[in-house]
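This briefing is meant for someone opening the structure for the first time. Please look through the sequence and the model below, and then read the notes, which are grouped by topic.

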Amino acid sequence: MQKNDVVTVTIEDMGMNGEGIGRVNGYTLFIKDAVIGDVIEAKLMKVKKNYGYAKMMNIISPSEARVVPKCKFARKCGGCQLQEMSYEQQLRFKYNKVKGNLERIGGIPASLIEGVMEPVIGMENPFCYRNKAQFPFGTDKDNNPITGFYAGRTHDIIANTDCMLGVAANQVILETVLDFMKKYKVGAYDEHSRKGIVRHVLIRYGFTTKEIMVCLVVNSKKLPYSSELVGQLKRIEGMASITLSVNTRDTNVIMGDNCEVLWGKRYITDFIGEIKYQISPLSFYQVNPVQTEKLYSLALEYAELKGNEIVWDLYCGIGTISLFLAQRARYVYGIEIVPQAVEDAKNNASINGITNAEFFTGKAEEILPEYYRETGQEDSETQKHMDVVVVDPPRKGCDELLLQTIAKMKPNRIVYVSCDSATLARDLKYLRKAGYELERVRVVDQFPMTVHVETVVKLSLR
């Protein structure tokens, strides 16, 4: 195989990032935008010893799972990798993705995986589900301000104010901001020259309360003519919070360190189940509230709480899972590294009248071992403080020191909520060697049309 060769290939599988996988004379090709079952013509773009990357040139015979995407920018945009695949096939792909990682990385026998994996929890309507979106701003070739999303693997903005995954209010807000920028000649930020003012607009939407938050991220201490923009935005039905975040650094980090209220409240409120949450611009809050309720209900089910348990919720964020658990546990301790998130968690407990939850600021891999050293391994009371552990770590998974400490403290059950099945599989391998048995696994499609997926796992002490 050589670069620029054109080949005919049948797509047999999907890669971790949603690329089609096919083979020509035993040589593996990864091909973006191809769907399992497609027969395509592809041009080799990068050739390595055992595999290569190719560009799809022509679909000779489309897969039965191929569909027409709702968004005309689906192939260009980096946000949706699977929109040209039927939703049924997407769920099958995600199930197999998790199953494959558990087997290959976790070293878990296929027979055990098949016995514990439950059907994927999908969505009735897999569009318009996101309650949060961050839109970058830039300038087109005619020097007009634009916004949308970055094209895949680039920082080139595809001008689009009507994303199929977002709520309808997004388009109204974005068009209002663009009109304001044109009228008052407020420039968009240019990351090369570091000039211009408007960098991003963050929008949050409460699915239950219908409250809207807009946070303007700017490369300036002030936004010129901000009162005029506020006057337009606050007329939009549901608008509850308009804030300004100053970010003058040369960085890919979107938000500044602080937010100034321009109008309304510092936060909006929303519900997951019966629990009410206050959400600020910097709060971590799951972006799909419909699936989040299913996800947290599943975590609660796996925890098997009877009302007398002490639960530790590690990487607790603003207390979303903690407060779910507190409804049935004797006491819940949450650990989170972000100070503002801990303050939000304490406040969320207060506004819900929940008194059996306590939150600590710091790294879970530092606080839990310190607690373990202070209480002592032989202290009988220690075991009461570790009936159930819930972990919901970032994509990198759990720190090994944290896993060691959990294993030493011997909770009866561990509930692992994961947004990356590869690091989940790695951590499960450790925990199984440490004496825990895999009992239940379920995939929750938190991010339809994308390759990302959430997984909930229940482990019990042998």
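R194 is partly exposed, with a relative accessible area of 41%, where partly exposed lies between buried, under 20%, and exposed, over 50%, as found with a 1.4 Å probe on protein chains only. The model is a predicted one, in which local features need pLDDT of at least 70 and side-chain atom pairs count only at pLDDT 80 or more, while totals for chains, interfaces and linings use all residues. Residues are numbered from 1 along each chain as its sequence is written, and side-chain values use heavy atoms, with hydrogens and water left out.

- Helices (H or I, at least four residues) and strands (E, at least two) are DSSP runs, numbered from the N terminus.
- The 16 residues of helix 3 should span 22 Å at 1.5 Å a residue, and its end C-alpha atoms are 23 Å apart, which agrees; the expected span is 1.5 Å times one less than the number of residues.
- Among the buried residues of helix 3 are A169, I173, L174, V177, F180 and M181.
- These buried residues pack against strand 7 (132-139), strand 8 (145-150), strand 10, strand 11 (212-218), helix 4 (226-233) and strand 12 (239-246), where contact means heavy atoms within 4.5 Å.
- Helix 3 is followed by K185, which is placed in the loop between helix 3 (169-184) and strand 10 (198-205).
- Most residues other than glycine have a negative phi.
- K185, however, has a positive phi, near 55 degrees, and is exposed, with a relative accessible area of 74%.
- R194, which is in the loop between helix 3 and strand 10, also has a positive phi, of about 65 degrees, although it is not a glycine.

**Cavities**

- On a 1 Å grid over the protein atoms alone, a cavity is a set of points where a 1.4 Å probe fits but cannot get out, a pocket is an open set with protein on both sides within 12 Å along at least five of seven lines, and lining residues have an atom within 4 Å of a point.
- A search of the whole structure finds 2 cavities of 30 Å³ or more, where a volume is the space filled by probe spheres set on the points, which are joined across faces, edges and corners.
- The largest cavity holds about 40 Å³ of space, and its lining consists of N131, R204, Y205, G206, I268, D270, I279 and Y285.
- Strand 10 and strand 14 (268-272) are the elements that give two or more residues to the lining of the largest cavity.
- That lining divides into 4 nonpolar, 2 polar and 2 charged residues, with Ala, Val, Leu, Ile, Met, Phe, Trp, Tyr, Cys and Pro counted as nonpolar, Asp, Glu, Lys and Arg as charged, and the others, Gly among them, as polar.
- The second largest cavity, of about 30 Å³, has a lining to which helix 7 gives the most, with 3 residues, and which by class has 2 nonpolar, 4 polar and 2 charged residues.

**The second largest pocket**

- About 880 Å³ of space lies in the second largest pocket, which is lined by 30 residues, with N17, E19, K32, D33 and R153 nearest its centre.
- Strand 5 supplies the largest share of this pocket's lining, 4 residues.
- The lining of the second largest pocket is made up of 15 nonpolar, 7 polar and 8 charged residues.
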